[in-house]
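User: I'm new to this one. Can you walk me through it?
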Amino acid sequence: MAESDTTARIWDIDYIRPMAAGDKFSVNWIAGFRVAEFKENVFFDGTEFDDGGPDDRYIEERHITATGWGFKVGATANMDFTKHFGMEASLAVSFLQGTSKGKSTICDETCGSDPNLPFFGDQDDFEGSDDSMRGEIRDYGLAAVWHQAPVDIFAAFKSSNWDGLPSNPNPGTSWPIGSGGGVDRTDVTFNSWHVGAKWKIGG
């Protein structure tokens, strides 16, 4: 049995400066401050069956919590093809400094299968932290926009690549199944679709 739970949150304060480059094209320049949080919980419980001896059970848990803060820069390009239809393309990059903590628990061999065996409950715990972690988040977006003044209806695809924050701060250790403490991944990407509307006030 394997389970995983990943949570990623961001809080932004942005300054946006629009610049028109024609009747149908404009760019919104973005500069701001970002706080990001990444959490991951992974659990594995498996049994290796042995015909001639006791079955070996393996239980692993891993928890990672990382928080970063820093500045964000980017731009959104707006292109109107007709009076009622346009496209938006966006790119933003955040450079973060933060901290990360991780804990791993591994129970191997005859873990929990028979309390009378000598290796019952053979458990190892690992903890690690990084107080000077560097992180980077790259956000990409592409949206189709229908203008129905004063409302803009949009359908958008967004991709967010997190680098650094998802890293496992535990020391590297190899285990029979999976990796209990190794830095086995440094980035993760989230992709999503969005449908919504924007209401314009003034202008």
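Here is a short chat about confidence, salt bridges and aromatic rings.

User: What kind of model is this, and how are residues numbered?
Analyst: This is a predicted model, in which local features need pLDDT of at least 70, side-chain atom pairs count only at pLDDT 80 or more, and totals for chains, interfaces and linings use all residues. Residues are numbered from 1 along each chain as its sequence is written, and side-chain values use heavy atoms, with hydrogens and water left out.

User: What does the chain average in pLDDT?

Analyst: The average is 83, and 81% of the residues score at least 70. pLDDT is the predictor's confidence in each residue, from 0 to 100.

User: Where does pLDDT stay under 50?
Analyst: Over residues 176–183. The model has 27 contacts beyond four places in sequence for that stretch. Contact means heavy atoms within 4.5 Å.

User: New topic. How many salt bridges does the structure hold?
Analyst: There are 9. A salt bridge puts a side-chain nitrogen of Lys or Arg within 4 Å of a carboxyl oxygen of Asp or Glu.

User: Which residue meets Arg34 in a salt bridge?
Analyst: Asp139, at 2.9 Å, N to O. Arg34 lies in strand 2 (residues 25–48) and Asp139 in strand 5 (residues 123–148), so the pair ties together parts 105 residues apart in sequence. Strands here are DSSP runs (E, at least two residues), numbered from the N terminus.

User: Are those two buried or exposed?
Analyst: Arg34 is buried, at 1% relative accessibility. Asp139 is buried too, at 16%. Buried means under 20% relative accessible area, exposed over 50%, and partly exposed in between (1.4 Å probe, protein chains only).

User: And what does Arg62 pair with?
Analyst: The side chain of Arg62 meets that of Glu40 in a salt bridge of 3.3 Å, N to O. This pair links distant parts of the chain, with Arg62 in strand 3 and Glu40 in strand 2, 22 residues apart. Arg62 is buried at 13%. Glu40 is buried at 7%.

User: What about Arg138?

Analyst: Arg138 forms a salt bridge with Glu136, at 2.7 Å, N to O. Arg138 is partly exposed at 21%, while Glu136 is buried at 16%.

User: Which residues are joined into one network by shared partners?
Analyst: Asp12, Asp14, Arg34, Lys72 and Asp139, through salt bridges.

User: Where does Asn161 sit?
Analyst: In strand 6 (residues 151–163). Asn161 is buried, at 11% relative accessibility. Its side chain makes polar contacts with the side chains of Arg138 (2.4 Å) and Thr189 (2.7 Å). A polar contact is a pair of N or O atoms within 3.5 Å; within protein, one must be able to donate a hydrogen and the other to accept it, and residues adjacent in sequence count only if both atoms are side-chain atoms.

User: On to rings. How many aromatic pairs are there?
Analyst: The structure holds 6. One of them is Phe71 with Phe95, a tilted pair at 5.5 Å centre to centre and 40 degrees between the planes. Rings of Phe, Tyr and Trp (its six-membered ring) pair if their centres lie within 6.5 Å; planes under 30 degrees apart count as stacked, over 60 as edge-to-face and the rest as tilted.

User: Which residues form an aromatic cluster?
Analyst: Phe38, Trp162 and Phe190 form one.

Conventions. Helix = DSSP H or I, 4+ residues; strand = E, 2+ residues; numbered from the N terminus.
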